[in-house]
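I want to look up a few residues and write down what I find. Here is what I have on the screen.

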Amino acid sequence: NYLTEKGLFACNIYSNELLITEIFATDLYKNFDELELAIILATIVYEPRRNDYFKMRGVKNQYRNILSKLSDNMFVFKEIDKKNLKRLIMLITNWFHQCDFLDLIEITNDTLDEGDLIRLFRQMIDMARQIIRASKDTDLNEKIIDVIRRIDRDVVKVEF
């Protein structure tokens, strides 16, 4: 009557437990670099808004590459929101590579407020911290800490 390692991991995740566990409590995460992990986190936590819009110039190859890697786990491949995945690639890639926050508004074509973007990034950071608390895998934790470091900056960073 003991929980498996995946079960223990899932106990520390507070939304999308099965999807997060299948990606981060298995070796599936090892298929992805930090940017791809950030895109996947964003895809999972993003809550679409009516009429939201994202530019998607030049994302086709990156999208196909991530989908190909996700297909190693059929549950994850089936459950992940492929539309959000494709739509968020350009936004997350630009922020991950240190673009100015105001440049993100152009990617969304003014369909999302600044607060919506900050909320997305804060939700990503919260989920990343849950993963760190849930995992004993130092390689995973190092990757996730790097994701947090790249996302939690500028107007997104909350300081006390």
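Predicted model: local features only at pLDDT ≥ 70, side-chain atom pairs only at ≥ 80, totals over all residues.

I started with asparagine 51, which is exposed because its relative accessible area is 63%. My cut-offs: buried means under 20% relative accessible area, exposed means over 50%, and partly exposed is in between (1.4 Å probe, protein chains only). The areas come from the Shrake-Rupley method with a 1.4 Å probe, and for residues only the protein chains shown count as cover. Asparagine 51 sits in the loop between α3 (34-45) and α4 (60-70). The helix names follow DSSP: helices are runs of H or I with at least four residues, strands are runs of E with at least two, and both are numbered from the N terminus.

Residues are numbered from 1 along each chain as its sequence is written, and side-chain values use heavy atoms, with hydrogens and water left out.

Next, the backbone angles. Most residues other than glycine have a negative phi. Asparagine 51 is not a glycine, yet I found a positive phi of about 65° there. I located glutamine 98 in the loop between α6 and α7. It is partly exposed, because its relative accessibility is 43%.

Then I checked asparagine 84. Is asparagine 84 buried or exposed? It counts as buried, since its relative accessibility is 3%. Asparagine 84 belongs to helix α6 (residues 82-96). Leaving out residues up to four places away in sequence, asparagine 84 touches Thr43, Tyr46 and Pro48; contact means heavy atoms within 4.5 Å.

On to salt bridges. How many salt bridges are there? I got 11, where a salt bridge is a side-chain nitrogen of Lys or Arg within 4 Å of a carboxyl oxygen of Asp or Glu. One of them pairs glutamate 36 with lysine 69, and the closest N and O atoms are 2.9 Å apart. This pair links distant parts of the chain, with glutamate 36 in helix α3 and lysine 69 in helix α4, 33 residues apart. Glutamate 36 is buried, because its relative accessible area is 6%.

I also looked up arginine 129, which forms a salt bridge with aspartate 152, the closest N and O atoms being 3.8 Å apart. Arginine 129 is in helix α8 (residues 114-134) and aspartate 152 in the segment after α9 (138-151), so the pair ties together parts 23 residues apart in sequence. Aspartate 152 counts as buried at 11% relative accessibility, and arginine 129 is partly exposed at 36%.

Last stop, the surface. Asp100, Asp103, Glu106, Asp110, Asp113, Glu114 and Asp154 form a negative surface patch. Patch residues have over 30% relative accessible area and no salt bridge; like charges are joined within 9 Å, nonpolar side chains (Val, Leu, Ile, Met, Phe, Trp, Tyr) within 5 Å. Asp and Glu count as negative, Lys and Arg as positive, while His and the chain ends are not counted. The charge is placed at NZ of Lys, CZ of Arg, CG of Asp or CD of Glu. I picked out aspartate 103, which lies in helix α7 (residues 101-108). Aspartate 103 is partly exposed, with a relative accessible area of 40%.
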